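Hi,

Here is the structure I said I would pass on. Have a look at it first, and then read my notes below.

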Amino acid sequence: PFTRAQFELPDRPHQSAREHLAVLQAIQRADGDAAGEAMRRHVMNVGRAWAAVAADAKPEDKRVAGAA
């Protein structure tokens, strides 16, 4: 559900694909530092996307799974 939800944000699927491409290109160049930095940027962007989705969720959507 997390992946599906964040991809509802405008341009997120395309941005994510570009981020993955940057990681792969760095790996192909054997540039571990660049690959690590590209992956860190991607993970931070995923976190921001998730925060945006969570902020827009309805109260009933914010319940913790299994909570009463």
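This is a predicted model: local features need pLDDT of at least 70, side-chain atom pairs count only at pLDDT 80 or more; totals for chains, interfaces and linings use all residues.

Residues are numbered from 1 along each chain as its sequence is written, and side-chain values use heavy atoms, with hydrogens and water left out.

Back to glutamate 19, which lies in helix H2 (helices are DSSP runs of H or I with at least four residues, strands are runs of E with at least two, and both are numbered from the N terminus). Its side chain makes a polar contact of 2.7 Å with the side chain of asparagine 45. By polar contact I mean a pair of N or O atoms within 3.5 Å; within protein, one must be able to donate a hydrogen and the other to accept it, and residues adjacent in sequence count only if both atoms are side-chain atoms. Leaving aside neighbours within four places in sequence, glutamate 19 is in contact with Arg12, His42 and Asn45 (contact means heavy atoms within 4.5 Å).

Now for the partner. Asparagine 45 lies in helix H3 and counts as buried too, at 17% relative accessibility. Another polar contact, of 2.5 Å, joins the side chains of asparagine 45 and arginine 48. With neighbours within four places in sequence left out, asparagine 45 touches Arg12, Gln15 and Glu19.

How do the two helices pack? H2 (residues 12–28) and H3 (residues 32–56) meet at an angle of about 165 degrees, and their axes are 7 Å apart. That makes H2 roughly antiparallel to H3. For the terms: axes are lines fitted to C-alpha atoms, for helices over the stretch in contact, and angles run from 0 to 180 degrees between N-to-C directions; over 145 degrees counts as roughly antiparallel, under 35 as roughly parallel, 65 to 115 as roughly perpendicular and the rest as oblique.

On the H2 side, the residues making the contact include Arg12, Gln15, Glu19, Val23 and Ile27, and on the H3 side they include Ala38, His42, Asn45 and Ala49. By class, this contact has 10 nonpolar, 5 polar and 2 charged residues (Ala, Val, Leu, Ile, Met, Phe, Trp, Tyr, Cys and Pro count as nonpolar, Asp, Glu, Lys and Arg as charged, and the others, Gly among them, as polar).

Two loop residues are worth a look as well. Most residues other than glycine have a negative phi. Aspartate 11, in the loop between helix H1 (2–6) and H2, has a positive phi of about 65 degrees, and aspartate 11 is partly exposed at 41%. Alanine 30, in the loop between H2 and H3, also has a positive phi, near 60 degrees, and alanine 30 counts as exposed at 70% relative accessibility.

As for the whole protein, there are 3 helices and 0 strands, running α-α-α from the N terminus. Of its 68 residues, 21% count as buried. Among contacts with a separation of 6 or more, 50% are between residues 24 or more positions apart.

Cheers

Conventions:
Buried means under 20% relative accessible area, exposed over 50%, partly exposed in between (1.4 Å probe, protein chains only).
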